[in-house]
Each structure stands twice: as C-alpha cells, then as structure tokens.
Amino acid sequence: LLESLLEWSQLQRHEISYDPRDVNLHELIEGNRSLLAPLAAKKRIELASDVVPTLSAYGDQNMIDAVLRNLIANAIKFTETDGIVSILAKEDDDWVRVSVIDNGIGVSPERINRLFVLGEKTSTAGTEGEKGTGFGLLLCDEYVRKQGGKLLVESTLGEGSAFHFTLPIAPG
C-alpha cells in the first residue's frame, strides 16, 4: 500500500518520469507470467498467454510492467483454485489492446462504477482470503491514461472479469 501511495503521489506531482519508447509486450507479459507463476501455482491456476512475440506498443516500459503485474495478480487473487487467467494482446487500428481475463468471482456493476474513484472503498478479499488495498487499480488507470490509453472493465458475477487497456502502436 505504501509503495502504491508513493507512486501515485509522485505521479500526481509529475515526479515520476515518463519515458516512452517501443516496448515489446510479449517480453513484458512473459516476464510477469514467470514472476507470478508461483502465486498461480498455489491455487493451481493456469496462466495462459496469446501474444505475438514481435508485438510492440509505444509507452513507458516501467508503467506498462506495473499495470500488467497488478492486473495479473488481481486476476489470480479473484480466481478460484483450478481456474484460468489469460493474457491477450493484439493490434486494433492505431492501438494495441491488452486484456487480462479470468474465470473468477467477477465484479458487480455497482462496484465496477466505483473501482476508479479515489476515496471509494473497493477492496475485497480474494478467493482464499488474500488481502488488497483497492489502490492498485487507481494507479493502473493513471499509468494507462498517462500514455494516452484507456482502462476498461467487463465482468459478470460468478463468471469472471476482463480488464482491457490500450496503448499506442509503436511507430515505424
């Protein structure tokens, strides 16, 4: 929580550097899959990925990495044992759309509307009592917007959630 608050505060005061460049999304996604594999293994959750190895976006590598890590960790947190979390990325016009999809517990429409509102209590325990602050998604939204993209949520209670974010396509 402290780390997220510090990052968010620095971002608000324009103290976090924004260093856009071509970023290989496949490499970032695979790095996060490896990092979070032990967490997924504890719940026997499959971490699937379908991303072209050469797919790149234009953005800040550290910010994109933080967004991916948070969204994948959240998907694991809210997915039951023996579930699946899929990470997809594809070009969509002038954008790359990255999706983290789970077959977890889902989010109610009322709660979705509050996920990105500062001061709203949105944190809930994961399927095995995992704790959270509810602040990570705010930071993800800020990081995605800083790069000109959007963070979107689709969810059905009892069926799962899909978090999508867009990034500009790498020039050239």
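**Reading local features**

Modeller: D82 lies in the loop between α3 (61-77) and β4; helices (H or I, at least four residues) and strands (E, at least two) are DSSP runs, numbered from the N terminus. This is a predicted model, in which local features need pLDDT of at least 70 and side-chain atom pairs count only at pLDDT 80 or more, while totals for chains, interfaces and linings use all residues. Residues are numbered from 1 along each chain as its sequence is written, and side-chain values use heavy atoms, with hydrogens and water left out.

Biologist: What phi does D82 have?

Modeller: Although D82 is not a glycine, its phi is positive, about 70 degrees. R44, also not a glycine, has a positive phi of about 55 degrees; R44 is placed in the loop between α2 (25-42) and β2 (46-50).

Biologist: Is R44 buried or exposed?

Modeller: Buried means under 20% relative accessible area, exposed over 50%, and partly exposed in between (1.4 Å probe, protein chains only). R44 counts as exposed because its relative accessibility is 54%. S86, in strand β4 (residues 84-92), is buried because its relative accessible area is 19%.

Biologist: Which residues is S86 in contact with, leaving aside neighbours within four places in sequence?

Modeller: Contact means heavy atoms within 4.5 Å. On that basis S86 touches A48, S99, V100 and I101, with those sequence neighbours set aside.

Biologist: How do strands β6 and β7 pair?

Modeller: Two strands pair if DSSP finds at least two bridges between them. Strands β6 (residues 151-156) and β7 (residues 160-168) pair in the antiparallel sense over six bridges, and T156 stands opposite G160 in β7. Their hairpin has three residues between the strands, and G158 there takes a positive phi near 80 degrees.
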